[in-house]
Amino acid sequence: MVMPPVPPDPNWKPVFTETNMWSIYFVVVGVISGLANFLQIHFMNLSGLSFTTRMRQRAFKALLRKNMGYFDQPENSIGALTTRLSEDAAAIRGATGVRIGSIIQNVVGLGVGIGIAFYASWRLSLLTLACIPFVAAAGSVQMMQLAGTMKTMTRLYEQAGQTAAEAVENMRTVSSL
C-alpha cells in the first residue's frame with residue numbers, strides 16, 4: 001500500500017536556523033563572560049597591589065621608628081625582620097585583591113543558585129541546604145590544619161632568613177680581613 005504524499009506545512013521552519021541562533025547566543029555569552037573575568041582579575045590585582053604596597057611601606061616606617069634595643073634581640077635580627085616583612089606583605093596580598101573578588105563572586109553565585117533552585121524545586125533545595133553545614137565544617141577543619149602548617153612554615157622561614165642575613169654579614173667581615 002502506497003501512502004499519499006503529505007503536503008508541505010506552510011509554518012515549517014528549518015531547525016538549523018534556530019540552532020544557529022542559540023549557538024551564537026552561547027558564543028556571545030562566553031565572550032562577554034571571559035572579558036568580564038579578565039577585567040575583574042586585572043582590577044582586583046591592581047587594588048591588591050596598591051594596598052599591599054601601602055601596608056609594606058607603613059610596616060617599614062614602623063620598623064624604622066623602633067628603639068635600638070629592639071634590634072638587639074635575637075628574634076628581631078635583620079634576617080628575621082626582613083623575612084617577616086616580606087611574609088606579612090605576601091599574606092596581605094593573599095588576603096586582598098583577587099581573593100576578595102572571588103569571595104564576592106562566589107557569594108553572589110551561591111545566592112543566585114539558591115534562588116534558581118528554590119524556583120525549580122523547593123524540596124530538593126531544602127535537602128541541599130541541609131548539607132551545607134557539613135561541607136562548612138569540613139572546610140573549617142581543613143583551614144585549621146593549614147593555619148597550623150603556615151605558622152610552622154613562617155617560623156622556619158624567619159630562622160632561614162636570619163641565618164642567610166648572618167652569613168652575608170659574616171662574609172663581608174671575612175672579606176674585609
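Here is a short chat about reading a predicted model.

Biologist: Before we start, what do I need to know about this predicted model?

Modeller: Local features need pLDDT of at least 70 and side-chain atom pairs count only at pLDDT 80 or more, while totals for chains, interfaces and linings use all residues. Residues are numbered from 1 along each chain as its sequence is written, and side-chain values use heavy atoms, with hydrogens and water left out.

Biologist: How many helices and strands does the protein chain have?

Modeller: Helices (H or I, at least four residues) and strands (E, at least two) are DSSP runs, numbered from the N terminus. Here you get 5 helices and 0 strands, so the pattern along the sequence reads α-α-α-α-α.

Biologist: What span does helix α3 have?

Modeller: The expected span is 1.5 Å times one less than the number of residues. Helix α3 (residues 78-95) has 18 residues and runs 26 Å from first C-alpha to last, close to the expected 26 Å. After α3 comes Gly97, with a positive phi near 75°.

Biologist: Which residues of α3 are buried?

Modeller: Buried means under 20% relative accessible area, exposed over 50%, and partly exposed in between (1.4 Å probe, protein chains only). In α3, the buried ones are Gly79, Ala80, Leu81, Thr83, Leu85 and Ala89. Across the 177 residues of the protein chain, 10% count as buried.

Biologist: What does Thr52 touch?

Modeller: Contact means heavy atoms within 4.5 Å. Thr52 sits in helix α1 (residues 15-64) and counts as buried because its relative accessibility is 7%. Leaving out residues up to four places away in sequence, Thr52 touches Ala89, Ile92, Arg93 and Thr96. For the protein chain, 75% of the contacts with a separation of 6 or more are between residues 24 or more positions apart.

Biologist: Is Ser125 buried or exposed?

Modeller: Ser125, in helix α5 (residues 122-176), is at 5% relative accessibility, so Ser125 counts as buried. Beyond its neighbours within four places in sequence, Ser125 contacts Ala117 and Phe118. A polar atom of the Ser125 side chain lies 3.1 Å from the backbone nitrogen of Phe118.

How values were computed
Polar contact = N/O pair within 3.5 Å; in protein donor to acceptor, adjacent residues only side chain to side chain.
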